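The points are numbered and may be taken in turn.

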Amino acid sequence: MNHSVSEILFAEAKTLMPGGVNSPVRAYGNVGATPPFIARAKGSHIFDVDGNEYIDYVGSWGPMLLGHAHDAVLAAVADTAKNGLSFGAPCGLESELAKLVMSLVPSVEMIRMVNSGTEATMSAIRAARGFTGRDKIVKFEGCYHGHSDSLLIKAGSGMLTTGKPSSKGVPADLAKYTLTLQYNDVAGVKELFDKIGDEIAGVIVEPVAGNMGVVPAKLEFLQALSEETKKHGALLIVDEVMTGFRVGIHCAQGLYGIKPDLTTFGKIIGGGMPVGAYGGRLDVMQQIAPLGGIYQAGTLSGNPVAMAAGLATMRELVAHPEYYERAEANTKKLLAGIADAAKSAGIPVATNQVGSMGCVFFTETPVQCFADVQKSDLDLFRRYFLGMLDRGIYLAPSQFEAVFVSAAHTDEDIDRTLEAAKSTFAIL
Ligand SMILES: *Cc1c(COP(=O)(O)O)cnc(C)c1O
């Protein structure tokens, strides 16, 4: 496959932006290749500037559940844009999207729109700290909640006391307020809360971890988080930036039957435009400025064009429950087919799936936490990725990312992908 135009563009971009990109994973550093520069996308297919066509399983990292350039979403964006791109003043579309989200997710009694998932989680953390008057937060290894200081922290040596920055530029003094536990570790959660539960402002968790491949939470894990936070007056923040309206129309909290204090959204609620949101308990949200003393603001927040894209996307999803069934069934077929092809070639894999999120791990053992994910053979993944790309299959360029199937993927797309997997594994 020829990528000569992408190569020229990437060489130039590298002189202009760090690594040539505006978000690190796009640089293809893990797989040692030039990222295709994208010209356009429609439905389940994406086209690069060299004229190559791919079946897309990235979906802009999650938002494009309807597929790319969906007609209803494009029409809503075009109609709204005619009236102006931004006012920095209230507009009715904000309330329309707020009402729709709140009707689908009953734990959200009041909501605030922001511009990204990072902003949503950063603001939810501040809300938890401001509401409880406490500083410590708890997160889980392998979960990603955006790039704000308090959330770029990994476990230190002494689990209960010392978090360590996972990025330069994050003050070590701040790191000591973020405690990191192992995902799905119920005993670890109970032990921590027994010791210092009354110092904890909140726990933030991905209800299905989607940033270490795909790792579903055990029900008893989420229940323990719910019980322990309640018992100790801390807040449970469920980060549904990826899972929200992806794993089901009532999000992961609907699937698991849990009621968080705060929820963060992003990705799908913007339908491909930059939108995030956080919301939850009324008594907490009433502490946000201008009602209360927890400050948070945004010049472009609630932007009309972005609201229109999100609203049109969400309305399509509400109107077509079969989209979820189709995407989930296609994900199942895809993962089973890839696992079969790998097995026939003598390559051990484990697969995880929730709804239309899935992951093929190059490891034999079942994957339930970050330590399990780390057993994956990354070089095997890299060769698999490159083989698939060469055969027109556009996957995320990392073992630690999910495969996203959209409602626009067809049986033919899945069959072609499985053919590509067979011929890729044959030569790995
Ligand atoms: C993508 C993601 C974020 C960050 O959202 P951005 O829009 O990239 O800032 C936060 N949390 C989770 C679970 C995510 O998947």
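**Note on the predicted model**

1. Residue S60 is placed in the loop between β3 (53-56) and α2 (71-81); helices (H or I, at least four residues) and strands (E, at least two) are DSSP runs, numbered from the N terminus. The phi angle of S60 is near 55°, a positive value in a residue other than glycine. The model is predicted, with local features requiring pLDDT of at least 70 and side-chain atom pairs counted only at pLDDT 80 or more, whereas totals for chains, interfaces and linings use all residues. Residues are numbered from 1 along each chain as its sequence is written, and side-chain values use heavy atoms, with hydrogens and water left out.

2. P290 belongs to the loop between α9 (282-285) and α10 (304-319).

3. An open sheet is formed by seven strands in the order β4-β14-β13-β12-β9-β5-β8, with mixed pairing; two strands pair if DSSP finds at least two bridges between them. At the edges are β4 (110-114) and β8 (178-181), each of which pairs on one side only. From one strand to the next, the twist averages 20°; axes are lines fitted to C-alpha atoms, for helices over the stretch in contact, and angles run from 0 to 180 degrees between N-to-C directions.

4. Within this sheet, β13 (residues 262-265) and β14 (residues 276-280) pair in the antiparallel sense over four bridges. The bridge partner of T263 in β14 is G279. Helix α4 (residues 117-132) packs on the sheet, where it touches β4, β5 (136-140), β8, β9 (200-205), β12 (235-239), β13 and β14; contact means heavy atoms within 4.5 Å. The direction of α4 makes about 165° with that of β13. Helix α7 (residues 219-232) also packs on the sheet, touching β5, β9 and β12, and its direction makes about 165° with that of β9.

5. The structure holds 14 aromatic pairs; rings of Phe, Tyr and Trp (its six-membered ring) pair if their centres lie within 6.5 Å, and planes under 30 degrees apart count as stacked, over 60 as edge-to-face and the rest as tilted. The F140 and F221 rings have centres 5.0 Å apart and planes at 80°, so this pair is edge-to-face. It links distant parts of the chain, with F140 in strand β5 and F221 in helix α7, 81 residues apart.

6. The search of the whole structure finds two cavities of 30 Å³ or more. On a 1 Å grid over the protein atoms alone, a cavity is a set of points where a 1.4 Å probe fits but cannot get out, and a pocket is an open set with protein on both sides within 12 Å along at least five of seven lines; lining residues have an atom within 4 Å of a point. Grid points are joined across faces, edges and corners, and a volume is the space filled by probe spheres set on the points.

7. The largest cavity has a volume of about 140 Å³. Its lining comprises 17 residues, with V360, F381, Y384, L395 and V403 nearest the centre. Elements giving two or more residues to this lining are α11 (321-344), β16 (357-361) and α13 (378-390).

8. The second largest pocket has a volume of about 440 Å³. Of its 24 lining residues, E94, R112, M113, S301 and G302 are the closest to the centre.
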